[in-house]
Structures are given as C-alpha cells and as structure tokens.
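Trainee: I have a two-chain model to read. Please walk me through the interface.

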Amino acid sequence: MSDPLSELIARCQRGDTMAFAKLMVETQNGVYSLAYNVLRNHEEAQDMTQEIYLRAWRALPGFRGEARFSTWLYRIAINACLNRRRQLRGQLSVVDAEDALLNLATPELDPAAEMIANQRNEALWAAVDRLPQKYQLVITLFYQQQMSYQEVAQMLSLPLGTIKAHLNRAREALARSLAAGING
Amino acid sequence: MLGCRQVGRDLPQYIADGEPELACHDALRAHLALCPHCRAYAERLHIVERALQSYPLVSPNPQIVTLTMRRISAQEQAAQEEWRLLPWDVWVPAVAFFLAIVVAMMCLPPNLLPAVPLTDLERTVIIESAPIPLGLQMNTDLFWALWLGLSVIAAGLGLSLGLSHWNAANSKSLGRLETHVTDAATKLWDYARRTH
C-alpha cells in the first residue's frame with residue numbers, strides 16, 4: 001500500500017528524530033482534532049496529543065505498513081483518548097445520552113435575513129459538538145479525518161452497517177436542528 | 001410508490017453518496033419530484049452535508065512538536081543511563097554455551113576422570129548412570145550424547161546470531177525488549193531490597 005509518508009516513516013524507524021518531528025507536523029492537526037473531539041478540553045487534548053506521539057515513537061519499529069500510517073496513528077489516538085476519557089468522566093462535559101440527538105438545537109436563525117453559508121456552517125459545527133460521543137466520533141473520523149466507511153468501521157471495531165447508521169442518525173439530527181433554527 | 005417515512009430513512013445516505021443515478025433510487029427521485037416536504041428535507045440534508053464536508057480541524061499549540069520532541073529525547077536519554085544487562089545477543093548464547101559445557105562435564109564417564117578424592121558436594125553433583133525413568137529403550141549414553149549435541153547446536157546458533165549483522169530496526173526492537181526486562185528486574189531488585 002502506497003503511503004505518502006512512507007519515506008519519513010522509514011527514516012523514523014531507523015531512529016531519525018528529525019524525520020519524526022516532520023511526521024508530527026504532517027499529522028498533528030488530525031491527531032489534535034481527534035483528541036479534542038473526544039476530550040472536549042484543550043489542555044487535556046494538548047497533553048494527550050503529546051502522549052499519543054510518544055506511544056507512536058515507541059511502537060514505530062512494529063509498524064509494518066499493512067495499513068496507512070494515519071490509520072495506525074489514529075488507532076493509537078482513539079484508544080488513548082477513550083481510556084483518558086473514562087478516567088476523567090466526571091470532569092469533562094461529554095454528551096452521551098441518545099436523547100441529545102432528538103433535542104439538538106442550533107441558534108435561532110432569522111429566516112428573513114440572507115443566510116450566510118459560513119454562519120450556517122458554524123451553527124452546524126457547534127451542533128456537532130452537542131451530539132452524543134459515539135456520533136461525534138464517527139463524524140470526526142469520516143469527515144475531518146477523511147476516512148472511508150470501512151476504515152472507520154475497522155478503527156472502531158464496529159460493523160460497517162453500524163457506522164453508516166450512526167452517520168445517518170447524526171445527519172438526520174443535524175437536519176432537524178437546522179429546521180428548528182430556521183423555524184424558531 | 002415510496003411513502004415519506006421510507007424516503008426520510010433513505011435520504012441521508014442518498015444525499016451523502018452524492019445522489020447516485022442508480023435505478024434503485026428511481027422511486028425515491030419520483031417521490032421527491034412530487035413531495036415538497038421531502039424536497040425541503042433533502043435541501044436541509046444538502047446543507048448539512050456541505051457543512052460536514054468543510055468541518056475544520058482544530059489546530060494545537062504551535063509548540064507541541066518542540067515539547068513532544070523534548071520528551072522523546074529525555075526518554076531516550078533516561079533509557080541509556082539505566083543500568084543495562086549485557087546485550088541479549090551476547091549473554092543469551094553465552095548462557096546457552098555455558099549450559100552445554102556443564103551438561104558435557106556431567107556426561108563424562110567417571111573412569112575418565114583422574115583418581116582425585118571427591119568432596120561430598122562433588123559426589124552429590126555427579127549424575128550416576130541410571131535407566132531413563134520414562135522407560136525409553138534408548139541407551140543412556142546415546143541420550144546424553146544427543147542432548148549434548150542439541151545444546152551445542154543451540155549455543156552455536158545463538159553465537160552466530162549474536163555475531164551476525166543485525167539491522168538497526170532489529171537492534172532497536174531488541175533494545176526496547178531489553179529495557180522492559182531491565183525495568184522489571186530493577187523493580188524486583190528494589191522490592192527485594194526494601195523487604196529484606
């Protein structure tokens with residue numbers, strides 16, 4: 001499998017720390033976004049991102065290139081973030097309840113005014129933040145990290161049908177929230 | 001003809017897939033052409049899909065690469081300063097070779113040794129010839145010769161591996177395994193010192 005980062009990875013596996021620093025630069029936004037979306041706290045996400053890369057550095061000799069590097073890295077990230085989230089459960093503002101899907105609200109939008117696309121987008125992105133965790137995670141992996149349905153399913157060890165169902169339920173909830181915002 | 005409920009269930013995936021022009025979606029398209037409620041829903045799903053397609057990544061602190069590389073350097077430094085056993089690719093074959101020598105010494109027929117009075121300890125260490133307890137028909141000397149041969153072969157292979165060329169990745173993996181074992185041994189040693 002051809003990976004655009006394969007040359008950097010090979011250098012890292014030979015102990016080249018400069019190559020690892022470059023690898024970090026290439027992937028840090030994706031990893032940090034994932035950490036932030038799970039932990040919902042910038043400080044925790046910052047610490048967790050460093051921890052993820054430390055683990056990746058230690059585990060890099062075992063990377064065989066059977067999957068894309070980003071997939072392998074995000075798997076480390078998800079496991080680490082979900083473990084940390086379990087430890088911090090009482091302290092983080094994390095939405096888990098399914099009824100949050102039904103009661104998702106976006107700010108009221110003035111139907112008389114011309115809708116500016118990026119304001120509407122920002123309202124929807126804010127609504128994603130209020131989705132239950134499992135829907136946020138699939139949205140993050142599928143849309144932000146640009147993974148395929150199959151990759152998301154493998155990453156989360158869930159059936160393909162479940163991933164599609166989660167995404168569709170999230171889309172329905174967001175469409176309902178948009179309607180509620182328009183209608184007031 | 002599909003109803004609104006069925007169309008409502010199928011629309012999110014249909015819109016996300018980019019409204020594929022497939023025959024299986026003809027009924028859905030026919031319904032959308034006639035139902036303003038479902039058309040409005042489809043339009044909202046389009047807006048949602050466009051928003052999600054442009055969902056931005058969150059950027060970390062610009063110093064995160066520097067901070068992480070410092071931690072990696074500190075970790076590598078700490079690993080090198082720890083008390084280390086001899087490299088595995090030296091002491092494993094060395095132990096195997098030593099064991100082979102011990103087995104060989106124990107297999108020497110007693111009448112080959114010079115007539116030197118033995119201490120009580122030496123008498124207890126020498127293995128007396130005896131039939132194999134498992135009832136094998138094999139001759140005892142042949143058994144010990146085979147065992148000695150296997151031990152020497154294993155030791156030779158270990159030495160060859162130890163002296164052969166290893167690439168950096170193998171050494172690094174072995175080094176990490178060695179570090180874990182060293183950590184465990186150090187912890188056990190500290191525990192033993194504290195408790196005794």
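Mentor: α6(A) and α3(B) are roughly perpendicular to each other (65 to 115 degrees; under 35 is roughly parallel, over 145 roughly antiparallel, the rest oblique). This is a predicted model: local features need pLDDT of at least 70, side-chain atom pairs count only at pLDDT 80 or more, and totals for chains, interfaces and linings use all residues. Residues are numbered from 1 along each chain as its sequence is written, with chains lettered from A and ligands numbered from 1 in the order written.

Trainee: What angle and axis distance describe α6(A) and α3(B)?

Mentor: Two packed helices are described by the angle between their axes and the distance between the axes. Here, α6(A) and α3(B) (residues 36-53) pack at about 80 degrees, with axes 9 Å apart. Axes are lines fitted to C-alpha atoms, for helices over the stretch in contact, and angles run from 0 to 180 degrees between N-to-C directions.

Trainee: Which residues meet there?

Mentor: Arg120(A), Asn121(A), Leu124(A) and Trp125(A) meet Ile47(B), Val48(B) and Ala51(B). Contact means C-beta atoms, placed from the backbone, within 7 Å.

Trainee: How many residues of chain A are in contact with chain B?

Mentor: 36 residues of chain A contact 29 residues of chain B. The largest share of chain A's side, 10 residues, comes from α2(A).

Notes
Contact = placed C-beta atoms within 7 Å. Helix = DSSP H or I, 4+ residues; strand = E, 2+ residues; numbered from the N terminus.
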